[in-house]
Protein chains: 4
Amino acid sequence: MSRRVRIGLAGLGRVGRLHAANLCRTPSLELVRLVDADARLAEATAAELGVAWSTRYEDVLDDASVDAVAIATPTPLHAPMIEQAAAAAKHVFCEKPLALDLEAAIRAVRVARERNVKLQVGFHRRFDRDWAAAAARVHAGELGDVYLFRTSLRDMQPPPLDYIRSSGGVFVDMTIHDLDTARWLVGDIDEVTAIGAALSDPGFAEAGDVDNAIVTLRFANGALGVIDNSRVAGYGYECSTEIVGSKATVRIAHHRRVHNEWLTPGAAAVDWVSDFTERYAHAYLRELEAFAAAIRDDRPVAVSGEDAIAAYVLARACDRSLRERRPVQLRREDGGHGVVYALEEAA
Amino acid sequence: MSRRVRIGLAGLGRVGRLHAANLCRTPSLELVRLVDADARLAEATAAELGVAWSTRYEDVLDDASVDAVAIATPTPLHAPMIEQAAAAAKHVFCEKPLALDLEAAIRAVRVARERNVKLQVGFHRRFDRDWAAAAARVHAGELGDVYLFRTSLRDMQPPPLDYIRSSGGVFVDMTIHDLDTARWLVGDIDEVTAIGAALSDPGFAEAGDVDNAIVTLRFANGALGVIDNSRVAGYGYECSTEIVGSKATVRIAHHRRVHNEWLTPGAAAVDWVSDFTERYAHAYLRELEAFAAAIRDDRPVAVSGEDAIAAYVLARACDRSLRERRPVQLRREDGGHGVVYALEEAA
Amino acid sequence: MSRRVRIGLAGLGRVGRLHAANLCRTPSLELVRLVDADARLAEATAAELGVAWSTRYEDVLDDASVDAVAIATPTPLHAPMIEQAAAAAKHVFCEKPLALDLEAAIRAVRVARERNVKLQVGFHRRFDRDWAAAAARVHAGELGDVYLFRTSLRDMQPPPLDYIRSSGGVFVDMTIHDLDTARWLVGDIDEVTAIGAALSDPGFAEAGDVDNAIVTLRFANGALGVIDNSRVAGYGYECSTEIVGSKATVRIAHHRRVHNEWLTPGAAAVDWVSDFTERYAHAYLRELEAFAAAIRDDRPVAVSGEDAIAAYVLARACDRSLRERRPVQLRREDGGHGVVYALEEAA
Amino acid sequence: MSRRVRIGLAGLGRVGRLHAANLCRTPSLELVRLVDADARLAEATAAELGVAWSTRYEDVLDDASVDAVAIATPTPLHAPMIEQAAAAAKHVFCEKPLALDLEAAIRAVRVARERNVKLQVGFHRRFDRDWAAAAARVHAGELGDVYLFRTSLRDMQPPPLDYIRSSGGVFVDMTIHDLDTARWLVGDIDEVTAIGAALSDPGFAEAGDVDNAIVTLRFANGALGVIDNSRVAGYGYECSTEIVGSKATVRIAHHRRVHNEWLTPGAAAVDWVSDFTERYAHAYLRELEAFAAAIRDDRPVAVSGEDAIAAYVLARACDRSLRERRPVQLRREDGGHGVVYALEEAA
């Protein structure tokens, strides 16, 4: 395909609107229609961007001129909407997680594969310049053998408890990004152990969730790993990674809003970014460019549905480890669908 | 004006092509025609961007649907092309410097003013997030009284000697950005003193230029300032500013290509950006957005022709100081044309 | 006591010689005699420092003018030498760990307590300016509630395998410092979980040890913690701590040998310290000053034998967790001897 | 000389007391007597350190067992006291500047040379680990050709105006350290230009002094340099140096009191040192060790009287440049006394 990839977008929540703006700035993509159940929201956003709109997803799928859809609807809709898109022969870009239900995710990935449509998942960190640059050198072997992987993901302020209650828990909602990063940079994971606590607000415990968590990893290549997550870091949004290897150690970090230092008697003050949209503005743009390029050049997508399932299974294993206070083993298997991870049977 | 600003671009050298790409990515602008004397270059670039092209500047000026022109041609053409655009009632975005000849620059600014077209000059640093954020707080008085202004601008590698020979010298070509920053952040300048040396290559001296220079400033408000410039810093491109004030001190710096650290036995390695296009990719985009907004909303431009003249006069004063080995005084005057600086008479 | 504290030193290995030099530089202490089983070493070191020497520990204990002893002999000798010193009414400064055998450590602490002699243990990190400054503010409540504690301790190069074999394992030898830091800064620990691997050299596995390890902690106040250790970080010696709290987050780190940056094309190089003696040169001096002050002013020592036992029990719990692949609970109890921790019964 | 160097100290002001404490901690030196015109101060300090005292300098000079004197009296006494010490065959460590009168300084240096006593001057920065490490690599040629030298010296708060009035002015009192650093790291200086202003307090102008200054340098090897000084930086004490060379660039900086970062919503705070005694505690110790070693091993001192005169002449040239608003040339000459610099005749 040599022309611009024509795409529709379903879901105009916070991340959906972020994608809408980026779809307009990506030269290789042409945003042709917005879909949201809320007609007023759909109409207003469409007017602002100068594109068509609809409340019905089918209006996108039935449009023969459309090549692809981007899905940013609530999680329970992801898997069925992927299957519908695949049935309509549309390529799919979908937000994480694919589902809160492993079977649904596996089926959606299988259907997309069978229908031969590309499915790319929104692990935007893979498109950030800092991680991408490190990954290139890590994959080229510059670290030697990996000994320790360490990553922190911390939000400045927690989302509303309503969001928490339907989020699937911190591991599926937040740690899943770190688990994907761990797999991407170091490789398959054999074992996870998690501890967690609800420390800032009893609402987390009431929702069956935690607001702080630490997960240790044992990679298939022998390396050890640790992830720490906090919903309530207070000082700012932080996402940083470190990998210690036999030949070198790499640190990835980039948190400043602006690169100014204000020095006053007693202190030098540095301005932090406050959330992921500020931190990853570019990565959100680049993942769409990558998606368009995969379609246009008929290459594999950069982040596959299988990647999403692997991260999801790992997040679920964290959940089990936290509840059962023990390490949880992972099995890697391929049932012909490319699904690489499976949970051990419940203890 | 509520629609997109329609703009033509003249000059497809290095910075011209950079502007062309950005003009396509700026939602408030519509690039309609490229102009370059080299037909093959104009045609190839236009094909890539899907716009019209021409070898004749007049084809842009004669197009009644065009609102504005961006000028990135060689410096001697800047002033006459501004005057032509003003005569055709087109707004102008022009690269620095306006001219290598002060009278030409003053006349171009006056003509634009008389014809009531907006003229914005390409001091892109004003649109960089780091400097802009600092400027907002400096202008809000957070520094208190300014004591010391210090800024460094250093290139990793020098441009070809051919470029040096026609550049107008380091002060007009390079220091002019720092002089604009000094005026922007601290205020008017009363006195400059410059020292310089050709240290890396005798070609600089043969061209009557220097490859390293230090300029001290005395501001009208009493503050002191110092600029250092190098064509040959070797380690990377550096642009950093520091202002010491009675209430606080601010440091502006941002040089890394990616925010990774590679730690190996004996050293931690940090990756620097290698030139200004990498460092200021965003500022180049934002200055065009600002230009479009000034036209659309009929507001003053962010960087005026008078700003360009002021920086130019200061650069020339540096030149005189270097040659005459003494401080050179500046007079501020307004001959009705808003020209704010004048050189003292030659000693 | 208003005069200088007179002290003898037993053990002239690597750390023993480091203490010897510091004892000579501490105005509040007077080093009066060195003891080592190796007469040649004792004589040479004593000549250099201008003090008496002996191969017999008793020569120090029998000297009525001696107030205290510093013990830097091999670990198995620590506990019996503490008891001998206590019997001779000498105050004791002893290197960590107190013993590789918990009962021996508990008995030594009890004897010192019964004989009313001060016993200070060599957790030098408590005397480092960076940790001490942080601790003061943490203990003053500036962090609010603690959410996450994170600390890294990594050696540039591993010690010889001979050392490893008699070290008691990484947790007792290395992690013990981090466990003490965790207790000092955050408080009591209820649960540990450890993973580890021998990745750099099969010799570690043959010695029944690991060269990389991650330990998670659950503190009595609910906070979570994680320690990572490596024997083989390669890039330098690293010891850094971070604590995320509800009001603030603190980071403690100081690794540079000198505070220079060398910028060359492609990289900025920073010089790291290579081991703990370089990093903590001052802390080693200060812990002796603190010990002398405790004796002179008859105040409690800054790091007690009970602190040493607590860290030791925690290290043993890590060991069990690693072997049994599960969390290990800790009980806090006081059998009248101030011993605060006890391992759960083996599973 | 193989025994400890026996030394007397004259002058117990702020820096004198700092030297007294260090003299007690330097194993190669033995402090034997303190001298101060204020008997009460001398007696109290001597009691604290357990040494003899006197109000008469002669009591030190007449003591045949004394090898050397350290002079930390008010500046006007430096030169005559050096001459007296030389006449008594005592080696001399003297604070900067040697005199406020060039002739007196030159004579003192000459007398010390003729009497064959060592004279070391208190440019303590040469003994700081960061500068010393950089200097070793700079002198080994790792920078290649030097292009730009840049250094900042800023006090957090100004000294009392009484001190200012008798200080000899900012160049002789403060910049003199930077001028010595410039000569040490880069080489001889041919030309200086200075600008300055009294911005924080009219008392500076009334005292004929400035509180902020910038000095540019032209080195004999062609390199350019710039020094900025402030008495009123507010945020902390800063001393940092940068040298840009053809092969590399080095940055020397170290300002933190402790290496902690406190991150709170909106800012990361870093603690700065507040003055030179905190910053250079070690350098003050090392310069005394170096002095003792020079005497004991009969080697040249690390910072000679000629170095002091050179820095002083440069400081005076700055003063003239500031007053006459023009560059001031330096001549290097050796009148047989090793005096390397001479001011041009007054304009």
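**Exercise 1.** Determine how many residues of chain B are in contact with chain D, and how much area the two chains bury.

*Solution.* Step 1: 41 residues of chain B are in contact (heavy atoms within 4.5 Å) with 41 residues of chain D. The model is predicted: local features need pLDDT of at least 70, side-chain atom pairs count only at pLDDT 80 or more, and totals for chains, interfaces and linings use all residues. Residues are numbered from 1 along each chain as its sequence is written, chains are lettered from A and ligands numbered from 1 in the order in which they are written, and side-chain values use heavy atoms, with hydrogens and water left out.

Step 1: Between them, chain B and chain D bury about 3200 Å², where buried area is the accessible area (1.4 Å probe) that two parts lose on being put together, summed over both. Carbon and sulfur atoms carry 61% of this area. B:Tyr147, B:Ile195 and B:Arg325 supply 20% of the area that chain B buries against chain D, more than any other three residues.

**Exercise 2.** Count the salt bridges between chain B and chain D.

*Solution.* Step 1: A salt bridge requires a side-chain nitrogen of Lys or Arg within 4 Å of a carboxyl oxygen of Asp or Glu.

Step 1: The count between the two chains is 6. One salt bridge joins D:Glu242 and B:Arg154, whose closest N and O atoms are 2.7 Å apart.
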